[in-house]
Amino acid sequence: MAGLLALSASAAVADEFKLISNQHIACSRGFSPGKLNTATCRSYAYLFNARTSDYFRCQVSMSVTRDNKEIINVQTDGGCVKKPRVFETDSNYSFDAMETEPPNTNAFFGPGGYAMWASDNTTQKVRGCIIINPGLGPDINRCLDMTFDQGQ
């Protein structure tokens, strides 16, 4: 009986992973000598631990190289990188994230970044974070706990 109680207690605190996808794909095209062109597409998703608020940022990419007549090469790559937890304590959390647009003439930072939101499902607690790569040094990560204006 004691073994059964220990099993149910450990099952109650089991990690719960949720896949969060921002439904965004970005593609770029490049031209090479000899009339070859290469298109590279990337998409990101996040795997979120709803108990601990740890998360992984995952990327998948595919490059297709072709000439005027045929596909010459297809390459795929990807993986997930663990990021620090959003909240310091375990609870029951929700999460969402979105990627910034790729660099353009208006971008002052490097290869873009992402924003993410997490909330505690057991209390009124929301944290928003923006993570960017400034092009110089490591990513800059800033989070802010939301305040709630009760209004009149």
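Two strands are taken to pair if DSSP finds at least two bridges between them, and strands themselves are DSSP runs (E, at least two residues), numbered from the N terminus. With that in hand, the sheet around strand β6 can be read from its bridges. In β7, the bridge partner of G113 is I132, and β6 and β7 pair in the antiparallel sense over eight bridges. A hairpin of four residues joins β6 to β7. On the other pairing, strand β5 (residues 93-99) runs antiparallel to β6 and is joined to it by seven bridges, with E99 standing opposite Y114 in β6. Strand β6 itself covers residues 113-120, and six of its eight residues are buried, so this strand is largely enclosed by the rest of the structure. Here buried means under 20% relative accessible area, exposed means over 50%, and partly exposed lies in between (1.4 Å probe, protein chains only).

The structure is a predicted model, in which local features need pLDDT of at least 70, side-chain atom pairs count only at pLDDT 80 or more, and totals for chains, interfaces and linings use all residues. Residues are numbered from 1 along each chain as its sequence is written, and side-chain values use heavy atoms, with hydrogens and water left out. The mean pLDDT (the predictor's confidence in each residue, from 0 to 100) of the protein chain is 81, and 79% of its residues reach 70 or more. Over residues 4-11 the pLDDT is below 50, and this stretch has zero contacts in the model beyond near neighbours in sequence; contact means heavy atoms within 4.5 Å.

Turning to the cysteines, a search of the whole structure finds three disulfides, each defined as a pair of cysteine sulfur atoms within 2.5 Å. When the bonded cysteines of the protein chain are numbered in sequence order, the pairing reads 1-2, 3-4, 5-6.

C27 and C41 form a disulfide with their sulfur atoms 2.0 Å apart. This pair links distant parts of the chain, with C27 in strand β1 (residues 17-32) and C41 in strand β2 (residues 36-49), 14 residues apart. The torsion about the S-S bond of C27 and C41 is about 115°, so the disulfide is right-handed.

Another disulfide joins C58 to C80, with an S to S distance of 2.0 Å. Because C58 lies in strand β3 (residues 55-66) and C80 in strand β4 (residues 71-83), the pair ties together parts that are 22 residues apart in sequence. A torsion of about 105° about the S-S bond of C58 and C80 makes this disulfide right-handed. C58 counts as buried at 12% relative accessibility, whereas C80 counts as partly exposed at 47%.

In the disulfide of C129 and C143, the sulfur atoms are 2.0 Å apart. C129 sits in strand β7 (residues 125-132) and C143 in strand β8 (residues 140-145), 14 residues apart, and the pair links distant parts of the chain. The torsion about the S-S bond of C129 and C143 is about 110°, so the disulfide is right-handed. C129 is buried, with a relative accessible area of 2%, while C143 is partly exposed, with 42%.

Finally, T52 is found in the loop between β2 and β3 and counts as buried at 6% relative accessibility. Leaving aside neighbours within four places in sequence, T52 is in contact with D15, R85, F87, D90 and Y93.
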